[in-house]
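Colleague: Could you take me closely through one part of this model, namely its main nonpolar core and the helices beside it? I would like one connected account.

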Amino acid sequence: MKDDTKNKTGKFNIKLNYWTGLIIYAVVLLIIGICVYIYTGSCVKKYENSQSDKVMDGFLKDFEKMVDDKTLADNIELPASSEFEGKDTFVNMYMSEFDGVSGYTYKKSEGSYNTEEPQYDIYADDKLAARMTLEAKNQHVVLGILTVFDWKIKSIEPAFSAKTTDYTVLIPQDYTVTVNGIKVSDNYKTGKMVENPDFVNVSKYVDMPKSVEYKLTGFVNKPEIKIYSAAGSEVAVNVDSKGNITAGAGGNSSDMPSDRKEEALNMAKIWDNFLTNDLSGAGHGLATVQQYLIEDSYYWNLAKDYSVSPDITFISDHVLSGNPYTGVVVDNYIEYNDNCYSCHIAFTKNMTLTSGGARKDVIDSTFYFVKYQENWAIADMIATTK
């Protein structure tokens, strides 16, 4: 009997140990399973939270804060302001677009497919305000298959609607230009040299100053552009429909010597007298007028052709009484070099017709004179435009 009892006790202990071990094993597996579940869930959550769409909520709050504390301009790629308008021109214009905004939203930019540098459009109310580009940093893999990123803002580009205007300035090479009171440096020269159209005839005989081109860009507001001669005096300019500026003749403006003024006026009168058939001699005074012209020049040949043209014979017979010249003006004297100068000459010649009545002949032009065979000669005459 004792042996049976001992056997039964042994079998019971074995069963007890088996179930105890099994329970312990199950508990361990459960704990491991729970840990794996918790870890996996944590990794998945971490992965989901690391997606760019999720982190944009935080970056949007950063954007709003930058707007509120006026630091957005320090973190956004605004166009460079013109040095003539002030560095804050674009900053002030852009930041003013956020006045009165009630809220901000974002959505992924259309066509943004780069998973490591995604782009998002930021809206202030319903208006597109900026485009934010994120950059993936410190990527690492969890669960062997899921890539987790740390993100930072790579750039913020403004959706900026401000229109700017560019200006071209063409002035003689010895002139200077200022914009809003600031002298324009040579850095704005394009390198383009242009012959002044007023010098087309004159430059055949002497070297004339060319015009240089300046390119002024990025103006938000209309600038005040002024041109100054080599002597420092402000000069009149031509402005086209786009605001581009062209200045005329280049040279040094000064008081015209009285003897030169008298000589220039005399040559202009002789030219006018030739046109009105008031010179004597062969060819209606051709030799007289040609002594003040350059041989084989445009005006030399014009006078030659006119002297044999029927047109000169159609001038009505008249007489000049006393000093027939009224309204005489000689001004705007410009000296380009030792061999060329120009001046504005205007006068009215009053003629009394022998058939009765009167006629007036008006001269109002800029005359260009060049040194020719040791004497001054007329190289060109450009009528004054009112």
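Modeller: A nonpolar core here is a set of buried Ala, Val, Leu, Ile, Met, Phe, Trp, Tyr and Cys residues joined through side-chain atoms within 4.5 Å, where buried means under 20% relative accessible area. The model is a predicted one, and the largest such core in it has 31 residues, of which Val289, Cys343, Ile345 and Phe369 touch the most other members. Two or more residues each are given to this core by helix 4, helix 5 and helix 6, and also by strand 15 (325-337), strand 16 (340-353), strand 17 (358-372) and strand 18 (375-383). Among these contributors, helix 4 supplies the largest share, with 7 residues.

Leaving aside residues up to four places away in sequence, Phe369 touches Ala264 and Met267, then Asn339, Cys340, Tyr341, Cys343 and Ile345, and finally Trp376, Ala377, Ile378 and Ala379. Apart from this core lies another, of 27 residues, which includes Ile76, Tyr94, Phe98 and Leu134.

To return to the helices, helix 5 packs against helix 6 (residues 298-307) at an angle of about 165°, and the two axes are 8 Å apart. Angles over 145 degrees count as roughly antiparallel, and helix 5 and helix 6 are therefore roughly antiparallel to each other. Their crossing is left-handed. On the side of helix 5 the contact is made by Gly283, His284, Leu286, Val289 and Gln290, while helix 6 brings Trp300, Ala303, Lys304 and Ser307 to it.

Asn277 lies between helix 4 (258-275) and helix 5 (282-290), and its phi is positive, at about 60°, although Asn277 is not a glycine. With a relative accessibility of 27%, Asn277 counts as partly exposed, since that class falls between the limits of 20% and 50%. A positive phi, near 55°, is also found at Asn180, again a residue other than glycine. Asn180 sits in the loop between strand 6 (176-179) and strand 7 (182-183), and Asn180 is likewise partly exposed, with a relative accessible area of 32%.

How values were computed. Residues numbered from 1 in each chain as written. Predicted model: local features only at pLDDT ≥ 70, side-chain atom pairs only at ≥ 80, totals over all residues. Heavy atoms only, no water. Helix = DSSP H or I, 4+ residues; strand = E, 2+ residues; numbered from the N terminus. Buried < 20%, exposed > 50% of the residue type's maximum accessible area, 1.4 Å probe, protein only. Axes fitted to C-alpha atoms, helices over the stretch in contact; angles between N-to-C directions. Parallel < 35°, antiparallel > 145°, perpendicular 65-115°, else oblique. Left-handed = near helix turned anticlockwise from the far one by under 90°. Contact = heavy atoms within 4.5 Å.
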